[in-house]
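Okay, thanks everyone, let's get going.

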Amino acid sequence: MMAIGELKVCLLGDTGIGKSSIACRFAQDHFYHNISVNHHAQPEASFMTKTVPSGNDLHKFLIWDTAGQEWFHSLGGSSEGC
Ligand SMILES: Nc1nc2c(ncn2[C@@H]2O[C@H](COP(=O)(O)OP(=O)(O)OP(=O)(O)O)[C@@H](O)[C@H]2O)c(=O)[nH]1
C-alpha cells in the first residue's frame with residue numbers, strides 16, 4: 001500500500017515575477033503565455049494540487065499561489081520564518 005505525504009507550498013513575491021507560471025507549469029505541465037489575464041480575476045490567491053509518485057510513495061503538493069506584493073505586504077511584508 002502506498003503512503004501519501006502532503007507537502008504545503010506557498011508562493012510569495014512581487015507582482016509579475018512568474019509565481020503563477022511556475023505553479024501551472026508544475027501542476028498542469030503547461031505554460032500559459034497570457035496567464036496574468038485569468039489570474040488577476042482572483043484577488044487574493046489560487047490553489048492547486050499535484051500528486052507525484054516517488055518510489056513506493058506518493059507526494060501530494062498543496063500549492064497556494066498568492067496574487068502579488070499587495071497581498072504579500074498585508075501579511076507583514078516579510079518572508080522571514082517561512
Ligand atoms: N519568457 C518568460 N516569460 C515568463 C516566464 N515566467 C513567467 N513569464 C511571464 O511573465 C508574466 C508574469 O507571470 P505570472 O506567472 O503571472 O507572474 P506572477 O508572479 O504570478 O504575477 P502576479 O499574479 O501579478 O503576482 C506573464 O506574462 C508570464 O507569461 C518565463 O520563464 N519566461
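So, helix α1, residues 19–28: its buried residues are Lys-19, Ser-20, Ser-21, Ala-23, Cys-24 and Ala-27. Buried here is under 20% relative accessible area, with exposed over 50% and partly exposed in between, using a 1.4 Å probe and protein chains only. Helices are DSSP runs of H or I with at least four residues, strands are runs of E with at least two, and both are numbered from the N terminus. Keep in mind that this is a predicted model: local features need pLDDT of at least 70, side-chain atom pairs count only at pLDDT 80 or more, and totals for chains, interfaces and linings use all residues. Residues are numbered from 1 along each chain as its sequence is written, and side-chain values use heavy atoms, with hydrogens and water left out.

Just past α1, Asp-29 has a positive phi of about 55°.

Now the sheet. It's open, with 3 strands in the order β1-β3-β2 and mixed pairing; pairing takes at least two DSSP bridges between two strands. At the edges sit β1 (4–11) and β2 (45–54), each pairing on one side only. Neighbouring strands are turned by 20° against each other on average, direction ignored; axes are lines fitted to C-alpha atoms, for helices over the stretch in contact, and angles run from 0 to 180 degrees between N-to-C directions. α1 packs on this sheet and touches β1, β2 and β3, its direction making about 35° with that of β2. Contact means heavy atoms within 4.5 Å.

β1 runs parallel to β3 (residues 57–66), joined by 8 bridges, while β2 and β3 are antiparallel over 10 bridges. Look at Asp-65 in β3: it is the bridge partner of Leu-11, and also of Ser-46. Last stop, the β2–β3 hairpin: 2 residues lie between the strands, and Gly-55 takes a positive phi near 65°.
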